[in-house]
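The model is shown below.

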Amino acid sequence: MAKSLRSKWKRKMRAEKRKKNAPKELARLQSLLKTNSDVIMDAVRKVVTVIAAEKTLEKKDSDDGSKMDVDAKRNQKTLLDQHGQYPVWMSPRQRKKLRAKRVKGKNKSKARKGLTW
């Protein structure tokens, strides 16, 4: 789902709105942290570091070589791991379909040449 033109347009417009409102939001957060009205804010100020959105985007672009930690011992074609188990997220119907495909491939009987009665 979420591939229609309407949803793509809405996603695009939300991204534009985030870009437009980012400086205001950053200023509001900084002004909240500058006020000494609450003792908790001092603790928050020690923990939180405010970074501009451009810096985070640059950092994200530079980390292109990083990969997710994926179970490396899983067959990409059959999705079975080294113990013959399917992933947790896979439904029983999908498992049955993949198993049928796998078993069908194993039990290929050679067709005889010539006529069979």
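Lys-3, Arg-6, Lys-8, Lys-10, Arg-11, Arg-14 and Arg-18 form a positive surface patch. Patch members have over 30% relative accessible area and no salt bridge, with like charges joined within 9 Å. Lys and Arg count as positive, Asp and Glu as negative, and His and the chain ends are not counted; a charge is placed at NZ of Lys, CZ of Arg, CG of Asp or CD of Glu. Arg-11, one of the patch residues, lies in helix α1 (residues 5-34).

This is a predicted model, in which local features need pLDDT of at least 70 and side-chain atom pairs count only at pLDDT 80 or more, while totals for chains, interfaces and linings use all residues. Residues are numbered from 1 along each chain as its sequence is written, and side-chain values use heavy atoms, without hydrogens and water.

The chain contains 4 helices and 0 strands, in the order α-α-α-α from the N terminus. Helices (H or I, at least four residues) and strands (E, at least two) are DSSP runs numbered from the N terminus. Of the 117 residues, 9% count as buried. Contacts (heavy atoms within 4.5 Å) between residues at least 6 apart in sequence join residues at least 24 apart in 7% of cases. The chain exposes about 12000 Å², and carbon and sulfur atoms supply 57% of that area; accessible areas come from the Shrake-Rupley method with a 1.4 Å probe, and for residues only the protein chains shown count as cover.

A search of the whole structure finds 1 salt bridge (a side-chain nitrogen of Lys or Arg within 4 Å of a carboxyl oxygen of Asp or Glu). The side chains of Glu-16 and Lys-19 meet in a salt bridge, at 3.8 Å from N to O. The two residues are 3 apart in helix α1, so about one helical turn separates them.

Accessibility classes are buried (under 20% relative accessible area), exposed (over 50%) and partly exposed (in between), using a 1.4 Å probe and protein chains only.

| Residue | Relative accessible area | Class |
|---|---|---|
| Arg-11 | 44% | partly exposed |
| Glu-16 | 38% | partly exposed |
| Lys-19 | 60% | exposed |
| Leu-79 | 21% | partly exposed |

Leu-79 is found in the loop between α3 (53-62) and α4 (92-106). Although Leu-79 is not a glycine, its phi is positive, about 65°. Most residues other than glycine have a negative phi.

Definitions and conventions:
Patch = residues over 30% accessible without salt bridge, like charges linked within 9 Å, V, L, I, M, F, W, Y side chains within 5 Å.
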